Amino acid sequence: MKAIRRFTVRPVLPVALQPLSELARNLRWSWHAETRDLFQSVDPDCWAASGGDPVRLLGSVPARRLAELAEDRRFLRRLTVVADELRDYVTGDRWYQTQTSEPPAAIAYFSPEFGITAALPQYSGGLGILAGDHLKAASDLGVPLIGVGLLYRHGYFRQSLSREGWQQEHYPVLDPNELPLVPLQETGGSQARVDLVLPGGRRLHARVWQAQVGRVPLLLLDSDVEENDLGERGVTDRLYGGGSEHRLLQEMLLGIGGVRAVRTYCRLTGHAQPEVFHTNEGHAGFLGLERIAELCDRGLDFDAALEAVRAGTVFTTHTPVPAGIDRFDRELVAQHFGPDAELPRIDVERVLGLGMETYSGGDPNVFNMAVMGLRLAQRANGVSLLHGQVSREMFSGLWPGFDADEVPITSVTNGVHAPTWVAPEVFRLGSRQVGAERTEDAMTVGGSDRWDAVADIPDGDIWELRRSLREQLVLEVRERLAASWRQRGAGTAELGWIDGVLDPDVLTIGFARRVPSYKRLTLMLRDQDRLMELLLHPERPIQIVVAGKAHPADDGGKRLIQELVRFADDPRVRHRIVFLPDYGMAMAQKLYPGCDVWLNNPLRPLEACGTSGMKAALNGCLNLSVLDGWWDEWFRPDFGWAIPTADGTATDDDRRDDLEAAALYDLLEQRVAPRFYERGQGGLPDRWIEMVRQTLTHLGPKVLAGRMVREYVDRLYAPAARAHRALNPDTARESAGWKARVRGAWHRVKVDHVEASAVPTSTAELGATLMLRVRVDLGELAPDDVEVQAVSGRVDSEDRITDASSVPLKPTSGPDDEGRWIYEGPLALDRTGPFGYTVRILPAHRLLASPAELGLLAVPSEETGEGAGVLMR
């Protein structure tokens, strides 16, 4: 029979065991081995049955066992030590507290998903895992972050396979009371709520739940409350589900409701109000509108409020393709704002203007969330060096006239949280070498360029560790594969072959990620006969473990999975290649350490970063990847292999895939497998072990989330906080007024004439100097409003300046009767080869974060004459 109502009955812990509740509710246990070991010792069987979830464990342990533990002095001593250590971790000074500058008092970090632990399944892929690692690293460093997201009642889907290998989705209902969450409560004991106004005066209510991620609170908004109608209750039903209006409401709740939740949290707890708001991808971009509305309520007009909000906002883009950006119909957005809906104090046209694609090739009838994110943030970044370059080119239309490398989007390369992703055996090996405390500091705070202590670990210890991790993966794969086949309808009698799947002494390759087409799950199947030869090689076989989920609406991705599954089902190779369904954090934590090689073969440059290879590298796994994302930045042949790309314009898609697959097979056959199986005099694969050592020594410190968060603090958060403090109401009005005046007058600004003293012929000597004299018309503006620059550098075959550098020129006279000014200055010929220069005029103000911020510049017209851009060949 089916229950008519479900609720959770919580155990009453004996007084002596009360600290267990605090330990279970702080998600630091997900990356703190001693805390997990303590919970496992409560009841090993219940711990295994709970999937390593302390909250579920405590709900299932028999009362008599709890009574025993309350009298067990040895257990109580361990409990006291672990509980005291958590309190020290949460309250003590860490890296952030030692900073001598004035860093932000608090930072609010908004993301549509967070991958903290499998026990809180609120993530779908890399974006969420990155956000979770960001919070954990911020906690380890003592950065006063407040995380903000949504609580999805179905999370992301669970994946299984049909007998035919077709992906099937399941959406188990999550009960917040069974998750490591507590309700955020008002002083009277009621649960804290936030409301949004919907069209027609309806309301969307959401309650606020809190997860504690070490030192960092994570606020999650949940619309499944009785006050909502059925449609509104389903707003937070599942991650990345529903149609356009459903997604719009999710993003309004995340951004607008999220700011209101942060204000409520700070009011109730006394936490410092954020000085910086970080928008992790465009989904949370509406947070800027809510903050503008707050300032308008305090007397600022829209333009001044926009300036103040921009100063303290950081926007991170994660997508390298326009198709990956959320875009809504302009009229749909208009319906949800204004007098009869949300933010009635703000003119709807101002809202729509923030997301309008005003650039060449843009669609004026759509509202672009990334465009709004960039317009509402004074600082923006991509997530790898290459992705920063791609992003500057992709969004250059917002800064017309500027070269792509001047677009104000920088990059902070992603990192991964080592304590989460490093196998305990790897950590113990490091601890034996340099001590547990130094190992923990190296993996969390980071700061060094190399982990030189790895050089002292004996070869035999490294190889023994790698084989042990591989053997653990083999057992894990067999267990998961058997479960998958039972879900596909196989009987136990059919599954005897699974005991022979994979071999702990065979070169093991891992490939696991989401399954959009650009990640090319099936590139390895391009020549199935050749792949089969590699898998079944009599002396140097390989084995491959594959996992990944396709979006529920992506039938193309599902077909790719089915194609791979059908190949892996072939009795000839099924002991050498497997597909594991339901890829998630729990599987990943076994998969990364157990693989020898991590494979990544996306279409370059469509992988923004690709952090799975970082997690593998931290465990001594070597990367075999296309030069994309982070691998493009840090690849060296000492610790991995680069798959050549066939990206010439004359190569069609099929031909490109054929060429790159052939290059992959060649690498595996001629370089990777021979290196793994080659033995030195001591019977060990010396050259392979050296590559593992180089991976740990050189990549280890680079790929840390601690390094990433410290970069965010130094390069983005601290400057944003300083800009936020500088933009008080008066300076915000000043900045807005100045920008309006400059925009209104810019049509009159032009370069009138350029001349150079001693203009050379077609050649000149290195080290020579030209004296430039430029006449400019500033219209209604004054020299204090602009900077006149000489821009010079090498020129290409079409006379475009590359590798440009700029120097300011100084006003020497003016204005004349026609309002024109003379600027002069020297230009050094500081490089050889084809050389050219031009001049330009840019807006200039002390409150600008970038000369390109307004997207305005003036350059010489063709009529100005050759003197405006002398070329020397």
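The largest cavity in this predicted model has a volume of about 90 Å³. A cavity here is a set of points, on a 1 Å grid over the protein atoms alone, where a 1.4 Å probe fits but cannot get out. Grid points are joined across faces, edges and corners, and the volume is the space filled by probe spheres set on the points. Searching the whole structure gives nine cavities of 30 Å³ or more.

Who lines the largest one? Thirteen residues do, and Leu481, Trp485, Ala568, Asp569 and Phe579 are the closest to its centre. Lining residues have an atom within 4 Å of a point. Three elements each supply at least two lining residues: α19 (459-487), α21 (555-568) and β17 (577-580). Helices (H or I, at least four residues) and strands (E, at least two) are DSSP runs, numbered from the N terminus. By class, nine lining residues are nonpolar, one is polar and three are charged. The nonpolar class is Ala, Val, Leu, Ile, Met, Phe, Trp, Tyr, Cys and Pro; Asp, Glu, Lys and Arg are charged; the others, Gly among them, are polar.

Some ground rules. Residues are numbered from 1 along each chain as its sequence is written, and side-chain values use heavy atoms, with hydrogens and water left out. Local features need pLDDT of at least 70 and side-chain atom pairs count only at pLDDT 80 or more, while totals for chains, interfaces and linings use all residues.

Now strand β1, residues 107-110. Ile107 and Tyr109 point one way, Ala108 and Phe110 the other, and all are buried. Buried means under 20% relative accessible area, exposed over 50%, partly exposed in between, with a 1.4 Å probe and protein chains only.

Which strands pair with β1? One is β2, residues 145-150, which runs parallel to β1 and is joined to it by four bridges. The other is β9, residues 276-280, again parallel, again over four bridges. Pairing requires at least two DSSP bridges between the strands. On the β9 side, Phe110 stands opposite Thr279.

Next, helix α10, residues 287-297. Ten of its eleven residues are buried. Just after α10, Gly299 takes a positive phi of about 110°.

Two single residues. Ala211 lies in strand β7, residues 203-213. Ala211 is buried, with a relative accessible area of 0%. Its C-alpha is 8.9 Å from that of Pro183, 28 residues away along the chain. Asp72 sits in the loop between α5 (63-70) and α6 (73-91). Asp72 is partly exposed, at 30% relative accessible area. Asp72 and Ser517 are 445 residues apart in sequence and 56 Å apart in space, C-alpha to C-alpha.

Last, the whole protein. There are 28 helices and 28 strands. The radius of gyration is 30 Å, close to the 29 Å from the globule rule for 873 residues, so the protein is as compact as a globular protein of that length. That radius is taken over C-alpha atoms, and the rule is 2.2 Å times the number of residues to the power 0.38. The C-alpha trace spans about 95 × 70 × 50 Å along its principal axes. Buried residues make up 58% of the 873.

Definitions and conventions: 1 Å grid on protein atoms, 1.4 Å probe; cavity = no way out; pocket = protein on both sides within 12 Å on 5 of 7 lines; lining within 4 Å.
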